[in-house]
Amino acid sequence: MKTFLLHIIIAFVAAYQFFLHLQVLPYNATTASGVFFTVFFLLWPTSLLYHPSYFRKLPKAINLFFFFVKEVLLANLKIAYDIITPNYIMRPAFLALPLTLKDDVGITLLACMISLTPGSLSVDLREDKGVLYVHTLYVKNNELEQMKKFIKHGFERRIIELIT
Amino acid sequence: MLENIDMLLVKEIISSVFILAGVAFMLIASIGLLRFPDFYIRMSAITKGATLGVGLILCGMGIYFNQPSMLLKVIAIISFTFITAPVAAHVIGRTAVQNRIPFWHKTNTTELQDYLKHTLLEEKVSPDEAADNNHHTPE
């Protein structure tokens with residue numbers, strides 16, 4: 001995390017200096033973000049020397065981010081379809097999701113991601129941090145286990161890979 | 001010159017698509033707020049639809065203006081919205097469950113009893129009260 005922030009700051013300063021001193025490219029958002037990401041991804045392989053786990057984790061973080069965006073869009077389309085058609089296709093359920101994550105930051109991240117995915121809402125965490133209670137829509141054929149497996153396999157596995 | 005005009009048009013089309021998609025999501029979420037059957041489903045619809053709508057509208061704005069300063073502000077607004085929205089939804093949902101707001105009659109609440117057993121409000125729940133927690137709401 002520290003390395004990530006440090007790299008972001010370095011890339012930001014580098015992009016700023018690039019446009020301050022060189023007039024090679026026109027100054028607009030596309031070129032600025034292009035320079036920023038170029039510097040950022042050029043810094044990434046250098047972390048092998050001083051922070052090998054960061055080198056391993058960055059692709060996983062990007063993977064998690066895109067998976068999350070995909071889930072949010074798909075679930076929003078699903079719920080929009082349910083709103084504008086006359087019959088409800090949803091089958092809501094209240095789940096007790098057993099957690100393999102033990103880390104506080106990881107559980108917070110998982111709960112926030114579940115809450116942001118439409119059709120699921122994290123309600124509460126048991127005191128021993130073992131079970132997360134989730135309210136979901138769209139449980140097919142009352143198969144609670146399958147829904148749990150989907151959340152565990154989709155979000156939790158990626159977060160565990162990212163944190164450990 | 002020709003290339004310049006083309007780029008402007010493309011930029012405008014992309015940003016309009018983003019903004020219209022965001023507005024559509026927000027409109028649909030508001031309709032969902034009116035017609036969904038119970039509290040939890042309504043909250044699911046409105047918090048997430050509005051968050052995604054705001055995100056898409058701001059993305060469109062960032063593309064339209066195409067200035068680094070604007071882009072930074074847009075990124076800041078989007079990230080803060082996405083950090084705070086689930087926290088509010090979580091707190092409201094938790095309060096609702098603990099105050100026993102009834103669920104929709106098609107909701108599968110088999111695991112709710114397990115939850116009620118473990119909460120702090122355990123002493124308030126007599127067994128028969130917990131059993132008829134799943135009131136039928138009018139559709």
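Author: Domain bounds, in the sense used here, come from an automatic or database domain assignment, and the model to which they are applied is a predicted one.

Reader: Which domains does the assignment give for chain A?

Author: For chain A the assignment gives domain 1, covering 2-43, and domain 2, covering 54-163. Taken over C-alpha atoms, the centres of domain 1 of chain A and domain 2 of chain A are separated by 34 Å.

Reader: Turning to chain B, how many helices and how many strands does it have?

Author: Chain B has five helices and zero strands, so that, read from the N terminus on, its elements run α-α-α-α-α. Of the 139 residues in chain B, 27% are buried. Among the contacts in chain B with a separation of 6 or more, 67% are accounted for by residues 24 or more positions apart.

Reader: How should I read the angle at which α2(B) and α3(B) pack?

Author: Angles over 145 degrees count as roughly antiparallel. In this model α2(B) and α3(B) pack at an angle of about 175 degrees, and their axes are 9 Å apart; the two helices are therefore roughly antiparallel to each other. Residues that make this contact include B:F39, B:M43 and B:V54 of α2(B), together with B:V74, B:I78 and B:A85 of α3(B).

Reader: How does the contact of α2(B) with α3(B) divide by class?

Author: By class, the contact of α2(B) with α3(B) has 17 nonpolar residues, six polar residues and no charged residues.

Reader: What should I look for in a nonpolar core, and which residues have the most contacts inside the largest one?

Author: In soluble globular proteins, nonpolar side chains tend to be buried together. Here the largest nonpolar core has 49 residues, and those with the most contacts inside it are A:L110, A:I114 and A:V134, while the largest share of this core, nine residues, comes from α2(B). Leaving aside its neighbours within four places in sequence, A:L110 is in contact with A:L101, A:F155, A:E156 and A:I159.

Reader: Where chain B touches chain A, how many residues does each chain give to the contact?

Author: The contact takes 37 residues from chain B and 34 residues from chain A. On the side of chain B that touches chain A, the elements giving two or more residues are α1 (2-35), α2 (39-65), α3 (68-98) and α4 (112-118) of chain B, and the largest share, 11 residues, comes from α3(B). By class, that side of chain B divides into 19 nonpolar, 13 polar and five charged residues.

Key: Residues are numbered from 1 along each chain as its sequence is written. Chains are lettered from A and ligands numbered from 1 in the order in which they are written. This is a predicted model: local features need pLDDT of at least 70, side-chain atom pairs count only at pLDDT 80 or more; totals for chains, interfaces and linings use all residues. Helices (H or I, at least four residues) and strands (E, at least two) are DSSP runs, numbered from the N terminus. A residue is buried if 20 or more other C-beta atoms lie within 10 Å of its own, exposed if 12 or fewer, and partly exposed in between; C-beta atoms are placed from the backbone. Two residues are in contact if their C-beta atoms, placed from the backbone, lie within 7 Å. Ala, Val, Leu, Ile, Met, Phe, Trp, Tyr, Cys and Pro count as nonpolar, Asp, Glu, Lys and Arg as charged, and the others, Gly among them, as polar. A nonpolar core is a set of buried Ala, Val, Leu, Ile, Met, Phe, Trp, Tyr and Cys residues joined through C-beta atoms within 7 Å. Axes are lines fitted to C-alpha atoms, for helices over the stretch in contact, and angles run from 0 to 180 degrees between N-to-C directions. Angles under 35 degrees count as roughly parallel, over 145 as roughly antiparallel, 65 to 115 as roughly perpendicular and the rest as oblique.
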